[in-house]
Amino acid sequence: MTKTSKKPTDRTLAAHYERLVVEQKILSDDAQRRILAELEMLSEQLTKPKKLFAKKAVNLRGIYMWGNVGRGKSMLMDLFFEHTAVAKKRRVHFHAFMQDVHARIHELRREGKGDPVALLAQELATETTLLCFDELQATDVADATLLYRLFSGLFDAGVTIVSTSNHPPASLYTGGVQRERFAKFIALIEEHMHVLALSSPDDYRHMQTKSLKQVYFYPLGPAADAFVEQAIGQLADNPAPQQATLSVHGRTTHFMLYDNAIGQFSFHQLCETAMGPADYLALAKRLETLILTGIPELASEKRNEAKRFVTLVDTLYERKVMLIATAAAPPERIYAKGDGSFEFHRTVSRLAEMQSTKYLKFK
């Protein structure tokens, strides 16, 4: 794209996108522009004045946008969500949406007023006319069955759904058991949503990650705080965090979330409270980058805290989650003495590997 001295206005999605390109906040990408044109048309349809005395809800086909990690799917959906001037709209990460769905179905079932899934679809349809999901996934057949019934109710009520995913609908389920039940959900998506592939050749998150000079900073203090701010500024399109929650087995953890993929936690939150493998796995599935602040030097009696830290690092490592950390000391001094300190050597090695280009290339 040729740069001009005049910035485009933001009256349209395309104008906003071009302004971000001019300001060098994003890179020019024709594959993204093609998707953006489809989103623009849907936005215009959603904001057209509705005919008076319409007897039936009008269901506009939504958009299912899929592509590899880091291609800009979430950024495009955020632009669409911001520019679509409908009164009732909701943008949510799909994992958080499913947690809410299960909690509300449980409550409706307890009240015993009827089919909880049908009732929930009616409730959601009164709350919003546009639902935007980030990272739609349904690898569990039970969830696929639930989503088929829930989405059917939402589509019938005229709710429009826009979602991102790393996979095309046909690849959402890779198992062989009860595939026919999953096929109904896939067919429903393809009937009510335009399936669009974002085929950009560049992984922009990888490019952002490579711009980081380091991911582990010590000692603690103002310089460490500045390091975290700088890392967020480089990785997050929007440096303003959202308040998010993680609920596992009745335990709820509050944290700051950036771009729906970067979570910030203190060492106290994750390693000095009653957290365990299930919590860490949920985090690793939810996030692409985890920022952990305030790692102390652990005294020999802090075996439980050291063990939780080991489990956290192992989980992030196995799931290829990027770890950005601030600590009081280099990894080899975090837990140098005490029961389990010998096993901690593997964690030191993994922390070193997680700072390497080879590991970071997965992002």
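The model is predicted, so local features require pLDDT of at least 70 and side-chain atom pairs count only at pLDDT 80 or more, whereas totals for chains, interfaces and linings use all residues. Residues are numbered from 1 along each chain as its sequence is written, and side-chain values use heavy atoms, with hydrogens and water left out. The chain has 14 helices and eleven strands; these are DSSP runs numbered from the N terminus, with helices being H or I of at least four residues and strands being E of at least two.

**Chain as a whole**

- Of the 363 residues in the chain, 48% are buried, where buried means under 20% relative accessible area, exposed over 50% and partly exposed in between, with a 1.4 Å probe and protein chains only.
- The accessible surface of the chain is about 18400 Å², and carbon and sulfur atoms account for 53% of that surface; the areas come from the Shrake-Rupley method with a 1.4 Å probe.
- Where contacts in the chain join residues at least 6 apart in sequence, 75% of them link residues at least 24 apart; contact means heavy atoms within 4.5 Å.

**Packing of α2 and α3**

- Helix α2 (residues 30-47) packs with helix α3 (residues 73-83) at an angle of about 25 degrees, and their axes are 10 Å apart; axes are lines fitted to C-alpha atoms, for helices over the stretch in contact, and angles run from 0 to 180 degrees between N-to-C directions.
- The helices α2 and α3 are therefore roughly parallel to each other; angles under 35 degrees count as roughly parallel, over 145 as roughly antiparallel, 65 to 115 as roughly perpendicular and the rest as oblique.
- In this pair, α2 passes α3 in a right-handed crossing, a term used if the near helix is turned clockwise from the far one by less than a right angle, with anticlockwise giving left-handed.
- On α2 the contact is formed by Gln32, Ile35, Leu36, Leu39, Leu42, Ser43 and Leu46, and on α3 by Met75, Leu76, Leu79, Phe80 and His83.
- The residues of the contact of α2 with α3 comprise nine nonpolar, three polar and no charged; Ala, Val, Leu, Ile, Met, Phe, Trp, Tyr, Cys and Pro count as nonpolar, Asp, Glu, Lys and Arg as charged, and the others, Gly among them, as polar.

**Packing of α1 and α3**

- The axes of helix α1 (residues 13-22) and α3 come within 10 Å and cross at roughly 130 degrees, which makes α1 oblique to α3.
- The crossing of α1 past α3 is right-handed.
- Leu13, His16, Tyr17 and Leu20 of α1 meet Met75, Leu76, Leu79, Phe80, Glu82 and His83 of α3.
- The contact of α1 with α3 has seven nonpolar, two polar and one charged residues.

**Tyrosine 218 and its cis peptide bond**

- Most residues other than glycine have a negative phi, and most peptide bonds are trans.
- Tyrosine 218 and proline 219 are joined by a cis peptide bond, with omega about 0 degrees.
- Tyrosine 218 lies in the loop between β6 (216-217) and α9 (222-235), and its relative accessibility of 42% makes it partly exposed.
- Leaving aside residues up to four places away in sequence, tyrosine 218 touches Ala327, Ala328, Ala329 and Pro330.
- The C-alpha atoms of tyrosine 218 and isoleucine 295 are separated by 9.2 Å, with the two residues 77 apart along the chain.

- Aspartate 259, in the loop between β8 (251-258) and β9 (262-266), has a positive phi of about 55 degrees although it is not a glycine.
- Lysine 320 has a positive phi of about 60 degrees and is likewise not a glycine.
- Lysine 320 occupies the loop between α12 (303-318) and β11 (322-327), and at 26% relative accessibility it counts as partly exposed.
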